Amino acid sequence: MIKPRVTIGNNVVIGSGSVVTRDIPSHSIAAGNPARVIRTITETEERYWQELLADYQADPDTTE
């Protein structure tokens, strides 16, 4: 649940069942009740997942 007037930044992961009562900054992972930022997503992690996504989109039938 996201409460009114709360903003969630870009590239954010919110845990299932979390209640977001405060703003969540970009590049964060948040969870809980109330939701809190657990950690930030690093540039290295973001690059890694973007590369995996690009590989998957190029050939979705390939599994690793």
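## Basis of the description

This is a predicted model, in which local features need pLDDT of at least 70 and side-chain atom pairs count only at pLDDT 80 or more, while totals for chains, interfaces and linings use all residues. Residues are numbered from 1 along each chain as its sequence is written, and side-chain values use heavy atoms, with hydrogens and water left out.

## The sheet

An open sheet of 3 strands has the order S1-S2-S3, with mixed pairing. S1 and S3 stand at its edges with a single partner strand each, so one side of each is left without a neighbour in the sheet. Strands here are DSSP runs of E with at least two residues, helices are runs of H or I with at least four residues, and both are numbered from the N terminus; two strands pair if DSSP finds at least two bridges between them.

Strand S1 (residues 13-14) pairs with S2 in the parallel sense over 2 bridges, and isoleucine 14 stands opposite alanine 30 in S2. S2 is joined by 5 bridges to strand S3 (residues 35-40), and these two run antiparallel, with isoleucine 29 opposite arginine 39 in S3. A hairpin connects S2 to S3 through 2 residues; proline 34 lies in the loop between these strands, and the peptide bond that leads from asparagine 33 to proline 34 is cis, with omega near 0 degrees.

## Two buried serines

Serine 18, found in the loop between S1 and S2, is buried, with a relative accessible area of 5%; buried means under 20% relative accessible area, exposed over 50%, and partly exposed in between, with a 1.4 Å probe and protein chains only. Not counting residues up to four places away in sequence, serine 18 touches Met1, Ala30, Ala31, Gly32 and Ala35, where contact means heavy atoms within 4.5 Å.

Serine 28 lies in strand S2 (residues 28-32) and counts as buried at 0% relative accessibility. A polar atom of its side chain lies 2.9 Å from the backbone oxygen of proline 25, and the side chain of serine 28 also reaches the backbone oxygen of serine 26 at 3.3 Å. Beyond residues up to four places away in sequence, serine 28 touches Asn11, Val12, Val13, Val37, Arg39, Thr40 and Ile41.

## The segment before S1

Most residues other than glycine have a negative phi, and most peptide bonds are trans. Arginine 5, in the segment before S1, has a positive phi near 65 degrees and counts as exposed at 80% relative accessibility. Asparagine 11 lies in the segment before S1, has a positive phi of about 60 degrees although it is not a glycine, and is partly exposed, with a relative accessible area of 36%.

## The largest pocket

Asparagine 11 is also one of the residues that line the largest pocket, with Val13, Ile29, Arg39, Ile41, Glu45, Glu46, Trp49, Gln50 and Leu53. Helix H1 (residues 43-58) gives the most to this lining, with 5 residues.

Definitions and conventions
1 Å grid on protein atoms, 1.4 Å probe; cavity = no way out; pocket = protein on both sides within 12 Å on 5 of 7 lines; lining within 4 Å. Polar contact = N/O pair within 3.5 Å; in protein donor to acceptor, adjacent residues only side chain to side chain.
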